[in-house]
Amino acid sequence: ELRVLGGEGGSDPGQLGYVSDVVQDAEGSYYVAEFGENHRITKLDPDGKFIKCWGAEGADPGQFSRIRALALGPKDGNLYVADAVNNRIEVFTRDGELVRLWGQSGSAPGQMKYPYDLAFDKAGDLYVVEFGNDRVQKFTAKGEPRGCWGGPGREPGRLNRPWALAVDSRGSIHIVDTENHRVQRVAPW
């Protein structure tokens with residue numbers, strides 16, 4: 001069955017601007033990330049009808065600057081947001097209440113540079129691919145850093161402007177290594 005959500009550009013509630021990601025929860029509700037015209041998350045019911053939206057452009061907690069990706073926490077059910085230009089992860093309830101955020105610009109563990117995608121493993125740890133640091137960083141769902149993988153380069157195990165990642169059913173991490181024109185698969189760590 002073909003279903004279209006949105007389709008009418010604009011900034012009014014129920015209209016969508018530049019859509020960057022969408023996830024669906026177990027109850028069927030959709031969460032749509034936008035940036036450009038609208039820096040917000042829109043929640044739609046299972047039929048695609050508008051429920052609510054939250055967020056605005058900015059750097060304060062609950063605001064966004066280029067949402068790149070969304071993920072639902074497998075254990076807490078919260079919505080995790082890769083807020084790329086603000087170099088952080090923001091976590092919300094599915095009703096839009098800010099739970100926590102972490103990250104700041106930098107390359108030390110726990111710091112980020114343009115988080116572009118995120119994915120959970122079965123244990124509930126969060127992997128974040130960083131376009132600006134050419135690496136993948138692992139966090140607990142609470143935001144505690146657990147290690148980094150990658151770094152700039154062209155040889156195997158190094159990354160050049162990674163764009164996205166996915167965790168498969170065996171826990172392996174697949175990284176879209178954009179400027180190296182490949183996908184690298186890494187065993188869970």
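The structure is a predicted model, in which local features need pLDDT of at least 70 and side-chain atom pairs count only at pLDDT 80 or more, while totals for chains, interfaces and linings use all residues. Residues are numbered from 1 along each chain as its sequence is written, and side-chain values use heavy atoms, with hydrogens and water left out.

**An open sheet and its strands**

- Four strands make an open sheet in the order S1-S2-S3-S4, and their pairing is antiparallel; strands (E, at least two residues) and helices (H or I, at least four residues) are DSSP runs, numbered from the N terminus, and two strands pair if DSSP finds at least two bridges between them.
- The edges of this sheet are strand S1 (18-24) and strand S4 (50-54), each of which pairs on one side only.
- From one strand to the next, the twist averages 20°, where axes are lines fitted to C-alpha atoms (for helices over the stretch in contact) and angles run from 0 to 180 degrees between N-to-C directions.
- Six bridges hold S1 and S2 together in the antiparallel sense, and tyrosine 18 stands opposite phenylalanine 35 in S2.
- S1 and S2 form a hairpin with five residues between the strands, where glycine 28 takes a positive phi near 100°.
- Strand S2 (residues 30-35) also runs antiparallel to strand S3 (residues 40-44), to which it is joined by five bridges, and here tyrosine 30 is placed opposite leucine 44 in S3.

**The hairpin of S7 and S8**

- Strand S7 (residues 88-92) and strand S8 (residues 98-102) run antiparallel and are joined by four bridges, with isoleucine 89 having tryptophan 102 in S8 as its bridge partner.
- Five residues lie between S7 and S8 in their hairpin, and glycine 96 in the turn has a positive phi of about 95°.

- Isoleucine 67 belongs to strand S5 (residues 67-72), and its relative accessible area of 0% makes it buried; buried means under 20% relative accessible area, exposed means over 50%, and partly exposed lies in between (1.4 Å probe, protein chains only).
- Leaving aside residues up to four places away in sequence, isoleucine 67 touches Ser20, Ala33, Glu34, Phe35, Arg40, Ile41, Val81 and Ala82, where contact means heavy atoms within 4.5 Å.
- Although isoleucine 67 and glycine 17 are 50 residues apart along the chain, their C-alpha atoms are separated by 12 Å.
- Tyrosine 127, in strand S10 (residues 126-130), is likewise buried, with a relative accessible area of 0%.
- Beyond residues up to four places away in sequence, tyrosine 127 has contacts that include Asp117, Leu118, Val136, Leu165, Ile173, Pro188 and Trp189.
- Glutamine 137 is 10 residues from tyrosine 127 along the chain, and the C-alpha atoms of the two are separated by 5.7 Å.

**Salt bridges**

- The whole structure contains 13 salt bridges, a salt bridge being a side-chain nitrogen of Lys or Arg within 4 Å of a carboxyl oxygen of Asp or Glu.
- One of them joins the side chains of aspartate 95 and lysine 43 (3.4 Å, N to O); because aspartate 95 lies in the loop between S7 and S8 and lysine 43 in strand S3, the pair ties together parts that are 52 residues apart in sequence.
- Within this pair, aspartate 95 is partly exposed at 46% relative accessibility, whereas lysine 43 is buried at 10%.
- Arginine 158 and glutamate 155 form another salt bridge, with their closest N and O atoms 3.6 Å apart; arginine 158 is partly exposed at 29%, and glutamate 155 is partly exposed at 44%.
- In the salt bridge between arginine 182 and aspartate 177, the closest N and O atoms are 2.8 Å apart, and a partly exposed arginine 182 (26%) meets a buried aspartate 177 (0%).

**A nonpolar patch on the surface**

- Trp163, Val176 and Val183 form a nonpolar surface patch with about 260 Å² of accessible area together, the areas coming from the Shrake-Rupley method with a 1.4 Å probe, and for residues only the protein chains shown count as cover.
- Patches are made of residues with over 30% relative accessible area and no salt bridge, with like charges joined within 9 Å and nonpolar side chains (Val, Leu, Ile, Met, Phe, Trp, Tyr) within 5 Å.
- Valine 176 sits in strand S14 (residues 173-177) and is partly exposed, with a relative accessible area of 32%.
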